[in-house]
Amino acid sequence: MAMDFSALIGDIEKLVGMKLNSIQSGSEIVVDRVDRDAESIELHTISGRKNRRSFGEMRKLWRALNEEAIVHVDRALDGSGSSRNQPETILANLPYIEWLRYRGKKHISYVGEETHPAGTLKEMTPEEVEAMQRRFKHNKRAAGNRLPRNIIYFGAPGTGKSYELNKVAIKYFDEDKVARVTFHPDYTYAQFVGGYKPVPVFDDGNDRTDKITYDYVPGPFLKTYVKAVQNPDENYLLIIEEINRANPAAVFGDIFQLLDRDASGVSDYAIEVPEDMSLYLRVRVPEFHSNANMDNPMEFLEEGNRLKEATERLRLPSNMYLWATMNSADQGVFPMDTAFKRRWSFRYMGIDDGESVISDLVINLGNTGRKTKWNDFRKRINEVLLNARVNEDKLLGPFFVDPDLIEDDEAFNDAFKSKVLLYLIEDAAKTKKANVFQMENATYSAVANAFDTEGEKIFRGMEGLLTYNDNVQDEYANEGVDEEVEQ
């Protein structure tokens, strides 16, 4: 589905002056004005209480409606409370968005066509919900078929590599068809693919005994492979976090050859299955075949042959995806050789990608009483680092500090010292401290203590940073803060 946000706002403008029915009885509202310059929607409740909803909330719901068949508003807006009912009410009164009860909770869904007059509500029937979910699932799978099978997201720390990858995964893959693993220096082929390991022995009553035996234990790669082979009409994704923190060539071993894919996404070359792995696959892979309900004998036979071949020769199916993240600036990472890199697509996450999410977040500069925008401060620190000839892949991304910590003054102060300053002292500016910090002996303890009393002035080149004091009107204050709706 493709729904333009500007067009959505245009349709909300058509609701101005209407009394909007609410999914929650007694919470009817009237939209008074849509202010595109201030990016807000002014409204009042039937009791006369005025309020304002930000475009930011609507944008979050718009994205969710593009990525999910049905949307629970509280979850999409990361919270709960009666005030969440207002954005939900506005959207549900649009002629192409319906509401539904799902697992005892209210949801909304974009149905793709006008099903009721603007300013009114329509509840989806259970049959419509089921059809919507089937259609959405089919479209998600079809869209997923156009995605790269092997891709690595890379960039500086805090650029949102995992966040962006996960956002795409949620959009195109069902949650139960996504597996995740994190590589580390001691990670091995046996852990990733599979191998013989000691396992406990259980008695007939399924109670654990004091005996141990050895059995073939599959890793996340083989588990995903088996599911993908068994269910060719479903897409499966294996996410590898920090792929270069282990030795990729050693961890992938012979399955490295499978990463070469043809235009359809199937491995160009198959590899012979080792005997220990073959014994496992002969048991696990045909499980789907033995339970398959196929009336056509020829189809049943062909399916059996396909599954049998998958136990003898490994070839990545087109519905198995391998996505990864990496940060080449991390200390102690393993280099990737050219042959390994050539088998992957790469997506670079720019140092300012996604900054709009945190562009209005304001921070305290230590205990100085001065405030500034986190994004302005981050960018100024990056300029200082670049002037000190620090490589771009060691700069600070927008999410180097979690946005939730930024919004908590005390938590941010601790996080800035323990994350940002420690990272700069021990890694990014380790050999450039004299060009980054004002003090001559820039030890971590000295810099951290100085930040409390001097704030941004511990850095060189901060003269132009826009700051203001606590007793000055907060020109950066966010708008659209939730207010409780009278019940």
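Two strands pair if DSSP finds at least two bridges between them. Helices (H or I, at least four residues) and strands (E, at least two) are DSSP runs, numbered from the N terminus.

This is a predicted model: local features need pLDDT of at least 70, side-chain atom pairs count only at pLDDT 80 or more, and totals for chains, interfaces and linings use all residues. Residues are numbered from 1 along each chain as its sequence is written, and side-chain values use heavy atoms, with hydrogens and water left out.

**Exercise 1. Work out the order of the sheet that holds β2 and β3.**

Step 1. Start with the pair. Strand β2 (residues 29–35) and strand β3 (residues 40–45) run antiparallel and are joined by six bridges.

Step 2. I29 has T45 in β3 as its bridge partner.

Step 3. Extend to the sheet. Four strands make an open sheet, ordered β1-β2-β3-β4, with antiparallel pairing. The edges are β1 (19–20) and β4 (50–54); each has a single partner strand, so one side of each is left without a neighbour in the sheet.

**Exercise 2. Describe how α1 packs against α2.**

Step 1. Two packed helices are described by the angle between their axes and the distance between the axes. Axes are lines fitted to C-alpha atoms, for helices over the stretch in contact, and angles run from 0 to 180 degrees between N-to-C directions.

Step 2. Read them off. Helix α1 (residues 5–13) meets helix α2 (residues 55–67) at about 120 degrees, and the axes are 11 Å apart. α1 is therefore oblique to α2. Angles under 35 degrees count as roughly parallel, over 145 as roughly antiparallel, 65 to 115 as roughly perpendicular and the rest as oblique.

Step 3. List the contact, meaning heavy atoms within 4.5 Å. From α1 come F5, L8 and I9; from α2 come F55, M58, R59 and W62.

Step 4. Sort these residues. The contact of α1 with α2 has six nonpolar, no polar and one charged. Ala, Val, Leu, Ile, Met, Phe, Trp, Tyr, Cys and Pro count as nonpolar, Asp, Glu, Lys and Arg as charged, and the others, Gly among them, as polar.

**Exercise 3. Which strands pair with β17, and are its faces buried or exposed?**

Step 1. Strand β16 (residues 362–364) pairs with β17 in the antiparallel sense over three bridges. I363 stands opposite T372.

Step 2. Check the turn. The hairpin of β16 and β17 has five residues between the strands, and G366 there takes a positive phi near 65 degrees.

Step 3. Take the other partner. Strand β18 (residues 468–469) runs antiparallel to β17, joined by two bridges. R370 has N469 as its bridge partner.

Step 4. Inspect the faces of β17 (residues 370–373). R370 and T372 lie on one side, K371 and K373 on the other, and all are buried. Buried means under 20% relative accessible area, exposed over 50%, partly exposed in between (1.4 Å probe, protein chains only).
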